[in-house]
Amino acid sequence: MHTTRQHQTIPYPVIRRRTISRTYTKAGIFFPMIIALLLGLKGCGGPQGQEDKREQFVDSLLSEMTLEEKVGQITLYTSGWTITGPALDSNYRQYIIDGRCGNIFNAHTVAYNLELQRLAVEESRLGIPLLFGYDVIHGHRIIFPIPLGEACSWEPELARRSAALSAKEAAASGLNWTFSPVADLSRDPRWGRIAEGSGEDPLLGARFTAARVRGYQGSDLSDKNTLAACLKHFAVYGAPEAGRDYNTVDLSMRTIREVYLPPYKAAVDAGIATVMSSFNEINGQPATSSRYVEEILRQEWGFDGVLVTDYGAIAELIPHGVATDSAHAGELALEAGVDMDMQSGIYMKHLSDLVKEEKVDEQVIDKAVKRVLRLKYDLGLFEDPYRYLDPEWEKTVVHSQELIDHSVEAGRRSMVLLKNDVVNGSPLLPIKEGPARIAVIGPMADNRIDILGSWHAAGDPEMVVTVSEGLRKQFPDTDIRTAEGCDFYTGDKSGFAEALALAAFSDVVILAIGENYVQSGEAASRSELGLPGVQQELTEAIMKTGKPVVAVIFAGRPLTINWISENVPAVLWAWQPGSRGGDALADVLSGEYNPSGKLTVTFPRNVGQIPIYYSPRNSGRPFNPHDKYTSKYLDVPNEPLYPFGYGIGYSEIAYSNLNLDRNEISFGDSLQVSVTIENRGEYVAEEIVQLYTRDLVGSVTRPVKELKNFQKVPIAPGEQKTVTFSLHSDHLKFYDIDMEFVAEPGEFEVMVGPNSSDLLTARFTLAD
Ligand code: BGC
């Protein structure tokens, strides 16, 4: 089901549009109730006045609703999904008309949603407009890099802009709600959905998640360029046992709070409008009926927006083993504070009866309904239910140049150069003008689907610039030819001969390989992380031709590429860069853009090292090569293949002079930490300078390093710059032995450098 939802490659059918009035005031028959309410509430000014006005409106509307209509407002259905475009099951149409379904997802395009909105507004008794949700995860029709790739820019502002542009395009396509951002931190690349988050680090995850919320929602939900965002998946979905999607999560509360919750919390602090509960159980409780919703999300963090389930998740409380039947499942979810039922239909089927049987208090339903009505109010839907449904605006915004330009910019900023050896006297990359012949070999060479990554949803393959197209534009005088060599899956080597012949004929080979778009993402866990299919064999065969080879790897997760890393002279990690991936890649390979990305997730050497991350605790027997009885493997080093924070560019950047303005601070004080960086190369660079600390002795054990801050600094060739960070005692806080969030006095290390492994170190004391 979920993969077909992404297979949307064929243009939408033309949907007959009836003539409708575009504003309530022009409408004759519909919406009498709401009009009356809006008119009656005129004249309340100021923010408090606005809020009072909204509450009065919502209360009055609620008082007019039957129990069935209330349940309708907390019901969300998919419009269905076929490869020719969205199609609404006739039942759902009737549900909308009957006021039994107040929210739809997987329906988009103005023509289509206008039709549905008209049903809700003109044909249902109360005329309450629909919410239209959709998985706008990294762009809508024009696709940007997968979120994990984008995070490798270490530029939350870039992510904010991606989200803002996605919102603009999606809202112009008739949507008002996106199921994004994904705040799920993950340290397990077996889990395919690692592609959707920001990586393994809480600080980075929090900054990116908050930026995306701000991007989607802007400062006014009723602006026609913004969407309501949905934080997902609450909570700790990114740590399933064995990396298998939907599987059990069982972690200490300390780790949950310290590592996994900060990105979710950051989204709430940034004003997220809605939250989605996750499929997994956490420490014995399925998220959809978990007390964490009430205790952490609502009471502790003060979230008062809509909490929606994930797809059919209320029904899953039965196989989870906490509900006897679907009525019981509905009861548990509602009691836990889950406002809206996505797709299980259980609220619709059972809540009215449960109220009559006095198993559920109608006031709990009222609370949930009010949250939904408030959201519709904030989106401006009661004022104008067609505000996101303007066909002219859709034509202006969809596919527009600013989206295309941003796709190139975000794509090139997300790529990470892992290796660039000297070949024939100079680094292989960038490819300067001149090679007479370039061979582009591999299943990504001419590919316009997989470059979009998972959850490209409504992304348009026809707007894609492929790898070969990008290179041809960049090198118009070069003879550029392509050969697929093999596919992503099978053992079929019949394309090898052609690929080898092409390599032999060329001056440089660009090997465009990796994962296709369904090999990561939802329900795409893998137990082996090598290149899928026979791509490894293809790579080895191409290397034997003796030609200079650049491996460009497209993937939704880290892969175990030890052989490539040892044997191929240049390796660029392109993630899945989106619609203009070919242009972005050409900019990087040609040196028009000096790659600046750094990994936000550790690359393991093999699956046995997982979970592997830069911030483990030390153990009582840290690795010592001379002592057998220390924490290590017999068959693989402890170190990863590439550490968190790693990435190189075309200029060498040297670090020196780590300096602290003092060696001791008190609680409430800050310390200035500075370092000198120097661009020793010929290319303008942007260096991501990273600051880590280590709390040497604590009431509980502390990680060997924790990222505390970072800066991306432009630096010209030959330039030296001093980069300064302010480190406050609050940055040293953690959950102590009593689970209090405090800093403890004592000695700390502060480390600054280009990645989590190569660091300059100094010490300071936090005085008692
Ligand atoms: C995914 C969610 C998504 C939802 C709606 C689920 O399977 O887990 O991330 O938002 O489907 O499409």
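## A tour of the sheet and its helices

Begin by selecting helix α18 (residues 467–474) together with helix α22 (residues 581–590), which pack at an angle of about 50° with their axes 7 Å apart; helices here are DSSP runs of H or I of at least four residues, strands are runs of E of at least two, and both are numbered from the N terminus. Axes are lines fitted to C-alpha atoms, for helices over the stretch in contact, and angles run from 0 to 180 degrees between N-to-C directions. The two helices α18 and α22 are therefore oblique to each other, given that angles under 35 degrees count as roughly parallel, over 145 as roughly antiparallel, 65 to 115 as roughly perpendicular and the rest as oblique. Show next the side chains of the contact (heavy atoms within 4.5 Å), to which α18 brings V467, G470, L471, K473 and Q474, while α22 brings G582, D583, L585, A586, D587, L589 and S590.

The model on screen is predicted, so that local features need pLDDT of at least 70 and side-chain atom pairs count only at pLDDT 80 or more, whereas totals for chains, interfaces and linings use all residues. Residues are numbered from 1 along each chain as its sequence is written, and side-chain values use heavy atoms, with hydrogens and water left out.

Now select the open sheet of six strands, whose order is β11-β18-β17-β16-β14-β15 with mixed pairing; two strands pair if DSSP finds at least two bridges between them. At the edges stand β11 (416–420) and β15 (479–483), each with a single partner strand, so one side of each is left without a neighbour in the sheet. From one strand to the next the twist averages 15°. Zoom in on β11 and strand β18 (residues 570–573), which pair in the antiparallel sense over four bridges, and look for K419 opposite V571 in β18.

Then select helix α19 (residues 496–505), whose axis comes within 10 Å of that of α20, the two crossing at roughly 35°. Their contact is made by F496, A499, L500 and A503 of α19 and by E537, L538, A541 and I542 of α20.

Finally, zoom out and colour the chain by its automatic or database domain assignment, which gives domain 1 (3–395), domain 2 (399–596) and domain 3 (653–766). The centres of domain 1 and domain 2, taken over C-alpha atoms, are separated by 36 Å.
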